[in-house]
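Student: I have a structure to read and I am new to this. Can we go through it feature by feature?
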Amino acid sequence: MAGDVNEGYALRLKGVTKVFGGIKALDNVDFDVRAGEVHCLAGENGCGKSTLIKIVTGVYRPETADLIELFGEKLEAITPVMARAKGVSVIWQDLALFPNMSVAENIAFDEMVGLRPKGVDHAGMKTRAAAVLARLGVTLDLNAPLESLLIAQRQVVAIARALMNDARLIFMDEPTASLTQSETDRLLDIVRKLSADGVAIVFVSHRLAEVLEIASRVTAVRDGRLVGVYPTKGMTQARLGELMTGHLLEDKVVAASKDSGPIVFQASGLTRPKQFTDIDLTIHAGEVVGLVGLIGAGRTELAHTIMGMTQAASGTMQLQGKPYRPASIRDAIAQGLAYVSEDRLQLGLLQKQSIADNAAIAVLDTLLDGTGLISPAKKDDLITGWVKKLGIKIGKPENAISTLSGGNQQKVVLAKWLATQPKLLILDSPTVGVDVGARAGIFRIVRELADQGLAILLITDEVTEAMFNADRVLHMAQGRIIAAHDPRTTSVAQMEAAIYA
Amino acid sequence: MTSFFEKGRAFFGRETFGLLLLMAAMVLAFSLASPKFLGLANLSSMGFQAPLLGLLTIAMLAPMISGGFNLAVIYTANLSGLTFAWVLLQFGGPEAGMGAILLGTVAALIVGATAGAVMGLVIAYVGAHPILVSLAMMIFLRGLGEFLTKGGDISGFPESIAVLGHGTLLGIPVPMILFGLVALVWHILLRRSRHGFAVYMVGSNIRAAEYSGLNTKRTLVAIYALSGLVCAIAGILMLSRFNSVRVGHGEALLLITVLAIFLGGIDPFGGHGKVAPVILSVLILQVLSSGLNLIGANQHLATAVWGLFLVAVMIVRSERFQESVQSFTVALHHMSKPAGGKS
Amino acid sequence: MRDFLKNRQVEFRLFLVLAALFVVLSLTTDTFFTLGNLTSLLNNNSVNLIWAVGLLVVLIAGGIDISFAVASSVVQFVAASLLIGMGGGNWLLGFLICGSLGVGLGLINAALIHGFRIISIIVTIATFNAYFGLLMYLSRGRSIYALPDWWTDRIAIFSYQVEGGPAAELTLPVAVMAVCVGATWFLIRRMNLGRQLYAFGDNPEGARRAGVNLAVMQGLAFGWCGLMAGIAALMQVNIVQEVVPNALYGRELEVLSAVVLGGARLGGGKGSISGCILGVMFVAVTQNGLNLLGVSPFAFQMIIGAAILIAISTSNIDFGKVFASAQGGKK
């Protein structure tokens with residue numbers, strides 16, 4: 001292996017193994033990034049991507065490693081200080097910025113870190129921050145508190161902060177997760193610019209379209225093992241998805257053609273300025289209607305209005321033929337609607353509370369005994385019933401919900417809402433943070449529910465998800481529903497072309 | 001048998017077992033140190049003293065489970081007591097009859113609940129921090145009370161009132177019975193009622209609770225109103241115990257209630273906590289104070305010991321401490337085994 | 001300037017209210033806007049301000065401290081005993097002893113908070129009780145009146161003889177307060193350590209990942225608060241000329257409400273010296289004004305409490321937003 005040193009690499013790892021509590025989070029993984037390259041690290045949640053990042057940044061020490069090399073220098077191990085000094089930087093998904101501090105201070109924060117007391121050079125800091133932003137071709141108000149910025153702008157601040165530290169290798173963890181398409185495009189432009197400057201960038205993302213657009217090579221990891229390293233040229237999304245998951249993404253339509261039941265929900269001319277305009281939407285009993293579009297298209301905002309969280313400025317809604325105008329989310333729930341939020345961690349579940357309480361929260365009224373108090377027996381019955389019906393894998397109902405996997409948590413959310421016996425179920429990105437295996441389980445449940453006559457609105461980012469699970473797919477863009485597709489007659493490729501065009 | 005034990009644990013909470021042991025150890029130590037400790041006189045004086053702190057602690061409990069605070073408990077109690085006293089004085093002071101007492105009780109409860117509800121409204125609808133809101137309410141109520149009483153005492157009540165603070169029923173101090181009843185109601189309210197359920201949910205994540213269809217604003221208003229109601233009961237008890245009302249009575253108990261609550265293992269960020277361990281904590285604090293008193297120390301030493309005691313309990317409960325205990329026992333285990341005995 | 005208004009809304013509002021209060025009191029009373037009254041206002045509030053800036057640092061770092069006022073009492077008592085034992089001492093010794101005792105008491109809080117990861121409100125309520133109980137027990141509640149002369153002598157740093165009236169004076173505590181406020185401002189605005197404190201209070205996990213030493217931050221915040229408590233203790237004795245063990249008990253919540261009123265956020269990351277001063281002065285001026293207007297002193301607290309309640313209830317109302325949502329264009 002002598003003479004293996006290659007100046008052209010920013011990072012080389014060989015045979016890295018990391019064990020947590022007897023489980024191999026990384027098993028003999030090789031990983032390399034060339035200088036100035038945009039490289040994609042692809043894999044499902046929990047496949048070992050973040051463990052790998054933490055090894056490169058010195059947060060974790062691997063159990064064994066045949067080779068660790070940073071910018072051509074062989075190392076025994078990487079420490080956080082060393083990683084920083086050599087120019088390795090990570091932009092975490094939560095960005096790790098400081099909302100109440102100014103943009104300039106956030107960008108130049110690291111120069112203030114340290115225990116040796118020294119004055120803060122506010123003016124110099126602003127100059128340096130402005131210079132870095134100029135390098136990125138972005139202008140931001142340097143005095144504004146970070147919290148006044150959009151997520152996309154904060155992302156830019158995080159990148160600028162990495163560059164302030166002379167970063168030569170930047171890991172970006174799901175950087176586009178909450179950006180709109182145009183914001184994503186701008187971010188990708190910045191990434192290209194950096195790459196042209198010789199900065200190596202590792203893009204961690206599960207949005208395959210983006211990955212293929214930006215990266216020159218992709219490393220796929222599955223269950224802590226390396227699947228392989230591939231050039232993106234000639235790679236398709238389907239093939240990459242297959243590599244990541246190990247499953248063949250079957251190109252088949254589950255939805256059977258059938259007569260639709262009576263109309264459950266109808267909206268006409270629904271408008272809320274700056275969010276959505278003139279929405280006509282009809283959902284029948286037993287029907288799954290997919291609503292696709294890019295982030296920022298107004299889908300979630302529409303769902304919020306249907307759920308009574310916000311009020312439409314004009315337009316009408318009808319539920320089972322009767323005028324429907326919910327004053328609050330409680331009102332909507334009482335009238336038979338249910339909403340699975342896109343943000344399961346913050347809004348869908350109460351992470352501190354038990355599985356039982358999370359499942360029972362929406363139907364307390366039905367669990368009362370003769371004295372008007374909550375009956376523990378009825379609560380137990382409710383939980384055990386739904387656990388069985390939906391095949392939820394739990395320990396004890398009293399355990400905290402946070403002990404469950406993403407998929408099982410989402411099933412508890414479903415149980416919570418199904419217990420209310422809704423007429424219309426709105427699913428907003430129901431598979432975010434849910435593993436592929438569990439996704440299939442959730443959609444099986446969704447299909448069964450539809451077969452039992454429930455009307456379902458499925459909002460999703462993933463075109464394939466809508467295509468394989470909905471009876472009708474509506475395409476929303478810039479607050480309007482611009483097209484309707486029949487999944488039985490449209491191909492995924494056609495659909496994607498329409499949406500990402 | 002195990003299921004019985006588990007049920008007990010579920011009822012009392014995880015912390016209770018340790019607290020019970022602690023209580024037993026303290027009772028043992030004090031009864032060895034002073035023969036009077038288990039004497040009837042001491043037990044009964046403890047039974048008369050503990051309920052006041054107990055009631056105020058219960059008033060603090062629900063706001064804390066909801067992720068908030070009620071720093072106005074003492075002055076809400078004072079002001080309710082004042083209302084009670086005022087009604088009694090209107091009906092002739094010492095000559096006031098049963099009707100006046102009832103009317104006064106109702107008026108006191110209304111004042112307490114209103115003070116609480118105002119806080120709840122500001123917290124729920126303005127979204128201001130409960131510490132700040134209740135602090136402002138505390139300053140306001142204290143000022144109002146001082147304004148009305150000109151800083152003086154109010155006394156001259158019918159003798160029948162004394163039963164509440166000094167009487168016994170079947171040998172049990174009446175205040176203890178009152179406290180027991182309120183605690184029981186509070187326990188049922190928190191663990192079994194829809195409102196109680198909502199309190200826990202609001203305490204752990206108010207937005208998710210709202211998204212799940214709970215009326216979080218109404219819950220918050222109700223929590224503080226109920227807290228004020230219990231304060232009013234405490235205020236009436238205080239009036240009867242001291243046979244007078246004075247704004248500032250019981251002032252020193254404010255932070256002690258928080259101390260008792262933390263001792264009882266309530267999650268300081270809200271969302272978790274049970275009534276039983278908190279009551280046990282109140283009793284432990286009473287045992288400590290009475291025991292120290294018997295062996296010649298004064299109330300101030302008891303206050304200091306309460307503070308140190310809370311620090312000690314929090315240290316023992318901390319993850320850091322438990323980890324080091326664990327690694328210590330593992331090390332002991334390794335040492336006790338001869339080398340090469342690894343399996 | 002526009003940025004300042006945008007970023008300092010709370011402070012600006014409070015400033016307007018305070019200014020209005022000033023104008024109204026100047027017009028309705030003869031005595032409010034006189035040098036004598038204004039200087040005594042400062043003299044009487046110097047200790048509160050010293051405490052307030054100490055507490056501000058803790059709040060910025062995401063903590064809370066209930067124990068500082070009682071810590072001041074402990075410092076007073078121990079320092080008085082030590083100095084009397086030494087046969088008198090002097091200002092230098094006084095500052096050294098009080099400062100280091102205060103820092104020591106603050107560091108006990110920091111050690112418990114960081115060492116065992118216990119949240120600050122629990123720790124400081126516990127130390128509040130421990131400090132106060134021990135102080136009352138050991139001092140047996142007795143006050144100390146026989147203090148060294150240097151300590152209790154009134155030292156004027158500014159004096160102006162108003163014609164036909166008493167002299168308007170600014171005393172030593174005001175000067176010390178000004179130094180404390182200035183030093184705290186320098187620490188939190190101009191020093192890297194202070195900016196790390198903000199960051200730590202704002203996003204502890206982000207600060208940790210950036211390499212901020214969290215133990216040092218807790219130590220700095222509570223140590224500084226302790227230092228201010230120690231200095232406040234020294235100055236309080238200079239003003240009242242006695243050491244009464246339970247004299248400061250209960251002051252902590254008043255200072256806390258004034259600081260939070262001035263825009264410091266419970267939860268960390270936000271708070272400014274200007275807001276802190278405005279908060280304390282708002283309470284002080286209200287009280288002073290009521291006094292001059294001849295309102296019964298028993299009503300002071302009630303009105304101040306009501307004023308704070310009203311201030312909180314309206315502080316979150318963004319009038320721009322109210323207007324926008326009335327037009328149906330919220331967000």
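Student: Is the crossing of H6(B) and H12(C) left-handed or right-handed?

Tutor: Two packed helices are described by the angle between their axes and the distance between the axes. The crossing of H6(B) and H12(C) is left-handed. A crossing is left-handed if the near helix is turned anticlockwise from the far one by less than a right angle, and right-handed if clockwise. Two cautions on the source: this is a predicted model, where local features need pLDDT of at least 70, side-chain atom pairs count only at pLDDT 80 or more, and totals for chains, interfaces and linings use all residues. Residues are numbered from 1 along each chain as its sequence is written, while chains are lettered from A and ligands numbered from 1 in the order in which they are written.

Student: Which residues make the contact of H6(B) with H12(C)?

Tutor: Two residues are in contact if their C-beta atoms, placed from the backbone, lie within 7 Å. H6(B) brings B:Leu132, B:Leu135, B:Ala136 and B:Ile139. H12(C) brings C:Leu253, C:Leu256, C:Ser257 and C:Val260. By class, this contact has 7 nonpolar, 1 polar and no charged residues. Ala, Val, Leu, Ile, Met, Phe, Trp, Tyr, Cys and Pro count as nonpolar, Asp, Glu, Lys and Arg as charged, and the others, Gly among them, as polar.

Student: How many residues of chain C are in contact with chain B?

Tutor: There are 40 residues of chain C in contact with 43 residues of chain B. Helices H5 (91–116), H6 (120–139), H12 and H14 (300–315) of chain C each give two or more residues to the side that touches chain B. H6(C) gives the most, with 13 residues. That side of chain C divides into 29 nonpolar, 10 polar and 1 charged.

Student: And how many residues does the contact take from chain A and from chain B?

Tutor: The contact takes 18 residues from chain A and 20 residues from chain B. On the side of chain A, helix H10 (329–334) and helix H11 (344–348) each supply at least two residues. By class, this side of chain A has 10 nonpolar, 5 polar and 3 charged residues.

Student: Now a single residue. Where is B:Leu283, and is B:Leu283 buried, exposed or partly exposed?

Tutor: A residue is buried if 20 or more other C-beta atoms, placed from the backbone, lie within 10 Å of its own, exposed if 12 or fewer, and partly exposed in between. B:Leu283 sits in helix H13 (residues 275–294) of chain B. B:Leu283 has 18 other C-beta atoms within 10 Å, so B:Leu283 is partly exposed. Leaving aside neighbours within four places in sequence, B:Leu283 is in contact with B:Met23 and B:Ala50.

Student: What is phi of A:Ser429 near?

Tutor: Phi of A:Ser429 is near 45°, a positive value in a residue other than glycine. A:Ser429 lies in the loop between strand S17 (424–428) and helix H15 (436–451) of chain A. A:Ser429 counts as buried, with 21 C-beta neighbours inside 10 Å.

Note on methods:
Helix = DSSP H or I, 4+ residues; strand = E, 2+ residues; numbered from the N terminus.
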